Amino acid sequence: MEKALNPKQTMKRLWGYLKKDRLKLGFVTFFVLFATVASVIAPYLLSVAVDQFVGKEDMKPLLFLCIALVILYLLITFSRWITNYIMVRISEQSMYYLRTDLFQHLEKLDLSFFDQHKKGDLMSRFTNDITIIDDALSEAVIQIISSVLMLVGVTVIMFIMNPFLALATIVTVPIFFWIVVKIGVASGKYFMKQQDNLGKLNGVSEEMMTGMRVIKSYCKEDESVLEFEQYNNALREVSIKAELYSNLVIPANVAVNNIGYVLIIAVGSIMTVFGHATVGNILAFVTYADMFRRPINQLATLYASIQAALAGAERVFEVMDQPIEIVDVKEPISFDHVEGFVSLEHVHFGYTKNKPILKDINLEVSKGESVALVGPTGAGKTTIINLLTRFYDVSDGVIKIDGIDISKVKQKELRKKIGIVLQDTHLFKGTVKENIRYGNKFATELEVIEASKKAQAHQFIHRLPNGYDSIVEEEGSNFSEGERQLIAIARAILADPDILILDEATSNVDTRTELQINQGMKELMNGRTSFVIAHRLSTIRSADTILVLNHGEIIERGNHEQLLAQKGFYYDLYMSQFED
Amino acid sequence: MKNLGKLLRFLKPYKKWAFLAPSLIFLEVIMELFLPSIMANVVNVGIAEKNIGYIILHLGIMVILTVLGIVGGILSTYYSAKASGYFASDLRKELFHKISNLSFFNLDKIKTGHLVTIITNDITLIGSVLMLCLRFIFRVPVIVIGSLIMALTISPKLSMVLLILIPFMIVVVSIVMKKAFPYFQKMQDSVDEVNTVVRENLSGIRVVKAFVMEEHEIKRFEEVSQHLMDVTVKGTRIMVTALPIVMLFIHIATVLLLWYGGIEVNLGTLQVGDIMAFIEYLTNILTALMMASMVIVMLSRSEVSAFRINEILGLDQDLEDGKQALSLETMTGKLEFKNVSFAYDNGSGDAVLKNINFVVHPGETIGIIGGTGSGKSTLVNLIPRFYDVSSGEILIDDINIKDYRLSFIRKYVSIALQKPFLFSKTIRENLSYGNERATEEQLVNGAHIACAYEFIQEKGMDYVLEQRGVNLSGGQKQRLSLARAIISDPKILILDDTLSAVDMKTDHQIRTNLKPFLKDRTTIIVASKIASIMELDQILVLEDGEIVGKGTHQELMQHCQFYQELYHSQLERGEERGKSIES
């Protein structure tokens with residue numbers, strides 16, 4: 001089983017979430033206490049009834065006792081119900097806080113964190129791990145209290161009633177305990193293996209599903225079924241064992257129960273014959289034996305689930321403890337109005353220390369200027385964009401907007417001034433309108449339409465059955481790549497930024513639409529400083545300045561004509577498209 | 001339980017185990033049934049008459065019964081684990097088999113995540129439920145009925161307490177369950193909502209940050225998270241009433257037995273030991289019923305899973321080979337579209353392609369150009385029969401492609417997609433995916449043509465790609481997928497905007513490299529850049545699913561207005577300036 005590295009501290013932290021509502025926890029503890037004590041007393045009353053009141057002429061004492069028992073049981077039932085009732089709220093509430101804290105921290109984390117972690121892994125911390133914690137927490141508190149109390153209470157009352165029978169009852173416990181632990185360990189081991197195999201199968205099937213087009217086009221259906229079967233068979237073997245061991249607990253339970261039962265009857269009846277016990281004792285001890293073993297059983301299963309929960313909690317806290325490296329300075333400078341002068345001075349950057357991506361970049365962009373970044377893949381174009389928006393911080397050098405070092409400005413303020421259209425557009429579940437309004441919540445209907453018109457998106461949105469209220473599925477999967485681009489552009493236009501960044505934004509739109517977008521973009525770029533990464537020459541050509549990047553350095557700069565005249569890297573790049 | 005019932009056919013091969021498991025439980029149950037009555041005898045006869053011999057004899061019987069019960073219980077667990085394990089793995093296999101033989105018409109309707117959940121979670125759940133069922137299917141009725149019979153033989157009068165209370169309890173518990181059930185679905189939906197927000201934020205974090213929408217997203221998350229909490233609390237609160245109520249029934253019945261038993265003992269018609277046995281039987285019956293309700297909860301939860309499985313298993317295999325499907329020695333590669341029209345959703349959607357006609361001969365390369373949504377990708381997807389035409393026909397070597405075996409067509413038709421898909425295997429395995437017998441030389445050659453050799457060499461042929469090839473750039477993935485298509489040595493090669501993420505220089509180099517390779521093959525190049533196709537023998541211009549121009553570059557420049565527009569927007573000015581600088 002996956003073990004928590006620092007169980008004590010993790011437990012403390014989880015407890016911090018639970019104890020938020022002390023009053024309710026107090027109630028729960030009280031009712032658990034009451035229910036446990038009452039449950040311990042009830043069988044004693046039963047045995048008294050059997051020994052002293054049954055078979056007597058006077059029925060009154062029996063009647064009183066029966067009524068007392070009914071009241072006692074009603075109270076027990078009520079306390080059990082109310083503890084569950086309150087506990088559900090406590091545990092769900094703490095899960096709510098845990099989830100929300102995790103999400104809040106996630107939203108604050110640097111981009112580098114997301115670039116380095118797999119989506120599926122982070123996702124599973126939200127789903128699997130929190131569910132495991134929830135399952136354990138909702139039961140743990142009540143069960144730990146009630147189990148321990150029950151053990152103590154039953155032991156005490158048994159020894160008071162009849163020490164010999166008490167010993168006979170407890171003798172079977174170590175055997176029982178040993179069996180439960182053994183089975184628990186084995187089933188835990190196989191369950192972990194099962195999870196492991198399930199994970200592998202999950203990966204394989206996901207890959208095959210996404211690659212179905214390739215599989216089919218190369219006629220590999222049978223091979224992939226075979227490959228799938230390998231993983232499937234491996235899973236079957238371990239899951240049979242996992243199920244076997246985990247389910248063996250039940251017959252083992254039944255077996256030990258019955259052995260204990262026989263033992264109590266044996267000792268009890270022989271003792272009764274010799275006058276050292278009563279029939280009522282036997283009856284009560286049969287019940288007590290059951291009451292004694294149950295909490296042990298519960299604690300054993302609880303131990304496993306608490307272990308799993310702690311491991312899960314550690315994974316959750318690990319994310320929550322991720323430091324945020326890009327933070328605002330204590331007294332940030334505020335932008336009143338951004339003119340749009342951008343400068344990069346001796347900027348160096350690498351995602352890892354010994355692998356520099358950008359080397360000594362110097363750049364001066366004046367207000368309203370459009371800059372095209374050109375160069376082969378990996379030249380550092382996207383990295384410059386990541387630095388301008390402070391998704392990453394420069395390793396050395398400084399980036400200034402209107403002469404102000406951007407690291408001295410609040411990140412949020414900085415990003416509000418910058419509009420970005422990314423290569424892979426991301427849309428959210430909701431309506432088209434909501435998506436366009438994403439950067440400007442208070443935009444009116446009219447402004448939304450206006451922006452869409454500029455982005456040339458109005459035409460197709462208008463034609464949708466529900467127009468701007470059409471539903472966008474998760475990840476925008478019900479729209480084509482081009483349509484998603486158009487919506488993203490409209491979104492950027494509506495946000496009305498001072499500085500514009502287009503990361504290959506138009507590369508997936510067909511040329512005709514691209515032309516129309518260019519028109520809208522031109523209008524938008526008018527008066528705004530803009531940075532464009534595009535593969536298309538038509539886009540690049542209209543830029544005021546073209547920067548040619550290669551291996552993290554600016555190797556050429558100038559406008560289209562100047563660069564062609566240089567007959568350098570840009571010239572080669574450009575000519576390759578047209579020579580015969 | 002209809003959906004679960006349908007799945008039972010997968011248990012057929014293992015009916016021996018599936019029969020043994022519940023039968024062996026019998027041993028366990030019988031023991032449980034007899035123990036209380038033996039105990040009653042011990043108390044009534046042994047203790048009352050102080051007959052030690054009698055007591056020891058009966059204790060011996062109890063021990064034997066106990067041992068038998070243990071053996072039965074363990075064996076039953078073993079067989080049920082085996083049966084359900086094999087059942088689940090067969091189900092998985094069948095499901096996967098089904099999926100991999102579905103047409104894209106059906107596949108498009110199912111989301112990958114959904115399928116993966118079915119294969120892992122749903123089937124695992126059903127396996128566990130089957131295990132549970134095999135072990136309780138006999139146990140519960142036998143214990144309930146058996147205990148009742150035993151109770152009746154001891155005292156028909158006292159049994160009335162049981163006969164009245166049990167149905168009453170069943171009614172109350174089922175009311176609780178019925179109230180709780182709708183919440184299971186709501187809880188699941190609510191979990192999905194939370195997951196959606198998380199997933200969207202994980203993949204769209206750049207957008208969130210760029211638009212400074214962190215607060216908005218947190219609020220959105222808090223809303224769904226709160227909803228999840230509320231629904232869970234409500235549903236669970238109903239559920240947790242069940243257990244205390246059942247316990248209450250047990251206790252009240254105990255008290256009633258004590259009272260009426262006490263009266264009977266007074267009258268001399270009953271003995272003390274009998275009351276004790278009665279209480280035992282009562283507890284047995286009620287625990288059995290509690291287990292039954294647990295099984296019912298599991299069953300109804302798994303019913304949803306079974307429904308989802310059946311939904312997939314029930315899909316039509318709509319692209320099956322006919323009985324006389326052709327599989328020839330080889331393919332020449334002549335390709336012809338005759339009045340082809342196509343609409344998604346089995347022809348019921350909007351027409352995506354209208355009346356397409358063209359012919360390509362081996363050795364020829366045809367270019368298809370058009371805007372987003374013009375239908376160019378759809379057109380090429382019809383050739384390997386990813387989808388079937390709605391009307392008209394597609395002919396390969398003058399035979400309708402529907403008359404061939406599917407495997408024959410796909411063996412000779414290779415398509416390299418714009419969004420390339422690579423497997424998380426080595427580069428070598430990926431390259432030879434379409435041609436396992438490819439020699440090292442063929443691999444290297446294919447990689448050279450696709451301009452992929454350089455970076456492959458850098459990483460090594462045995463470099464393992466991560467899932468979806470995330471450790472490669474977009475352009476590198478496209479080049480690998482092109483190399484894979486080349487190595488598969490097709491007769492008809494389709495490049496579906498394959499080089500969109502490759503820079504212009506490399507794009508040009510690849511096109512030059514391809515020329516000798518394409519000499520006797522039929523090639524279709526789908527592109528959005530005119531430069532990629534302007535030198536080809538034949539160009540189709542597609543707009544809104546119709547061919548609006550057909551011919552060479554020169555012809556189209558004269559006759560096709562749409563093509564002219566494209567050309568002017570993309571090339572004209574650049575070309576002029578390029579020339580003026582050269583001169």
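Modeller: Two strands count as paired if DSSP finds at least two bridges between them. This model is predicted, and that test applies to its strands.

Biologist: What makes strand 9 and strand 10 of chain B a pair?

Modeller: Five bridges join strand 9 of chain B to strand 10 (residues 546-551) of chain B. The cut-off is at least two, so strand 9 and strand 10 of chain B pair. The two strands run antiparallel. B:I539 stands opposite B:G551 in strand 10 of chain B.

Biologist: What lies between these two strands of chain B?

Modeller: Two residues, and the strands form a hairpin. In the turn, B:D544 has a positive phi of about 50°.

Biologist: Which way does strand 3 of chain B run against strand 9, parallel or antiparallel?

Modeller: Parallel. Strand 3 covers residues 365-370 and strand 9 covers residues 538-543, with five bridges joining them. B:I368 has B:L540 as its bridge partner in strand 9 of chain B.

Biologist: How many bridges hold strand 4 and strand 5 of chain A, and what makes that a pair?

Modeller: Two bridges, in the antiparallel sense. The test asks for at least two, so strand 4 and strand 5 of chain A pass. A:I401 has A:I404 as its bridge partner in strand 5 of chain A. These strands form a hairpin with two residues between them, and A:D402 in the turn has a positive phi of about 50°. Strand 4 (residues 396-401) of chain A is also joined to strand 1 (residues 342-349) of chain A by five bridges, running antiparallel. There, A:L344 is partnered with A:I399.

Biologist: Why is helix 10 of chain A called largely enclosed?

Modeller: A residue is buried if 20 or more other C-beta atoms lie within 10 Å of its own. Seven of the eight residues of helix 10 (residues 381-388) of chain A are buried, so this helix is largely enclosed by the rest of the structure. Among them are A:K381, A:I384 and A:N386. After helix 10 of chain A comes A:R390, with a positive phi near 60°.

Biologist: How do you know that the buried residues of helix 14 of chain B line one face?

Modeller: They are B:L443, B:G446, B:A447 and B:I449. Seen down the axis of helix 14 of chain B, the buried residues fall within an arc of 160°, so they line one face. The face turned away from that buried side carries the exposed residues B:E440 and B:E441. Exposed means 12 or fewer C-beta atoms by the count used for burial.

Biologist: What covers the buried residues of helix 14 of chain B?

Modeller: The cover includes helix 13 (427-431), helix 15 (453-459), helix 16 (474-487) and helix 17 (504-517) of chain B. Just after helix 14 of chain B, B:C451 takes a positive phi of about 55°.

Biologist: Which residues touch the most other members of the largest nonpolar core?

Modeller: A:I264 and B:F278, in a core of 256 residues. Leaving out residues up to four places away in sequence, A:I264 touches several residues, including A:L165, A:I282 and A:F285. A second, separate core of 81 residues includes A:F479 and B:I205.

Biologist: How many residues does each chain give to the contact?

Modeller: Chain B gives 126 residues and chain A gives 123. On the side of chain B that touches chain A, helix 9 (residues 214-267) of chain B gives the most, with 26 residues. By class, that side of chain B has 58 nonpolar, 47 polar and 21 charged residues.

Key. Residues are numbered from 1 along each chain as its sequence is written. Chains are lettered from A and ligands numbered from 1 in the order in which they are written. This is a predicted model: local features need pLDDT of at least 70, side-chain atom pairs count only at pLDDT 80 or more; totals for chains, interfaces and linings use all residues. Two residues are in contact if their C-beta atoms, placed from the backbone, lie within 7 Å. Helices (H or I, at least four residues) and strands (E, at least two) are DSSP runs, numbered from the N terminus. Ala, Val, Leu, Ile, Met, Phe, Trp, Tyr, Cys and Pro count as nonpolar, Asp, Glu, Lys and Arg as charged, and the others, Gly among them, as polar. A nonpolar core is a set of buried Ala, Val, Leu, Ile, Met, Phe, Trp, Tyr and Cys residues joined through C-beta atoms within 7 Å. The arc is that of the directions from the helix axis to the C-beta atoms.
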